[in-house]
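The points begin with the overall picture and then turn to individual helices and residues.

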Amino acid sequence: MHRLVILVALILMVSSCKEELIKPPENLITKDKMSVILYDLALVTAAKNTSIDVLKKNNIEAMKYIYTKHGIDSLQFVESDVYYASNPEVYGEIYEGVEAKLKGDLKVVEDAKKEQRTFDSIERIRKPKKLDSITVEKPLKPKVN
């Protein structure tokens, strides 16, 4: 009997862990679309943190831009974000997708910088060096008395 009580308690604990804490909203954003939205949000946030003047100059409001681009509203985004946040496994998958895209972008930028450095080095080698008249030693003329 004692074993049966322990077994029932374990079954209840395991099944309660699988219970959804938050029901999915009616207008739930799909996992893939949420990943793209969070990726764009990361880019806009980075832009805001590095060159806010450009955003202000062009009258770009970060969140308004995100909502318009993806055809969603703030309530839909917040409800979907809260729902996914209540399920850490799914939320982790979404953010892994975002991280993979950001790492891919970083690699593209690093490759472009490397290619530019190589190009610059080749250009420096091809250009003939100009001699500086100040640094060039001129032969001394002997003084005639």
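1. Burial and surface. In this predicted model, buried residues account for 18% of the 145 residues in the protein. The protein exposes about 12500 Å², of which carbon and sulfur atoms supply 61%.

2. Confidence. The average pLDDT of the protein is 79, and 68% of the residues score at least 70. Among its elements, helix α5 (residues 74-85) has the highest mean pLDDT, at 93, whereas helix α1 (residues 2-17) has the lowest, at 49. Where pLDDT is low, the predicted coordinates should not be read in detail.

3. Overall make-up. The protein contains six helices and zero strands. Read from the N terminus, the order of elements is accordingly α-α-α-α-α-α. Of the contacts between residues at least 6 apart in sequence, 76% join residues at least 24 apart.

4. The largest nonpolar core. This core has 18 residues, and those touching the most other members are M34, I37, L38, I72, F77, Y84 and I94. Two or more residues come from each of α2 (31-50), α4 (62-70), α5 and α6 (88-126). The greatest contribution is that of α2, which gives six residues. As general background, nonpolar side chains in soluble globular proteins tend to be buried together.

5. Helix α2. With 20 residues, α2 reaches 29 Å from its first C-alpha to its last, close to the 28 Å expected at 1.5 Å a residue. Its buried residues are M34, S35, I37, L38, Y39, D40, L41 and V44.

6. Residue D40. Which residues does D40 touch, leaving aside those up to four places away in sequence? The residues in question are I66, K69 and H70. D40 itself is placed in helix α2. D40 counts as buried because its relative accessibility is 7%, which is under the 20% limit for burial.

7. Helix α4. Buried positions in α4 are A62, I66, Y67 and H70. Viewed down the axis of α4, these buried residues fall within an arc of 130°, and they therefore line one face of the helix. The face turned away from that buried side carries the exposed residues K64 and T68. The cover over the buried residues of α4 includes α2 and α5.

8. The stretch after α4. Just after this helix, G71 takes a positive phi of about 65°. The residue I72, one of those that touch the most other members of the largest nonpolar core, contacts I29, K33, I37, Y67 and F77 when residues up to four places away in sequence are not counted.

9. Helix α5. This helix has 12 residues and spans 16 Å from its first C-alpha to its last, close to the 16 Å expected at 1.5 Å a residue. Where do the buried residues of α5 lie when seen down its axis? They fall within an arc of 160°, so they line one face of the helix. The buried residues concerned are Q76, F77, S80, D81, Y83 and Y84.

Methods:
Residues are numbered from 1 along each chain as its sequence is written. This is a predicted model: local features need pLDDT of at least 70, side-chain atom pairs count only at pLDDT 80 or more; totals for chains, interfaces and linings use all residues. Side-chain values use heavy atoms; hydrogens and water are left out. pLDDT is the predictor's confidence in each residue, from 0 to 100. Helices (H or I, at least four residues) and strands (E, at least two) are DSSP runs, numbered from the N terminus. A nonpolar core is a set of buried Ala, Val, Leu, Ile, Met, Phe, Trp, Tyr and Cys residues joined through side-chain atoms within 4.5 Å. Buried means under 20% relative accessible area, exposed over 50%, partly exposed in between (1.4 Å probe, protein chains only). Contact means heavy atoms within 4.5 Å. The arc is that of the directions from the helix axis to the C-beta atoms. Accessible areas come from the Shrake-Rupley method with a 1.4 Å probe; for residues, only the protein chains shown count as cover. The expected span of a helix is 1.5 Å times one less than its number of residues.
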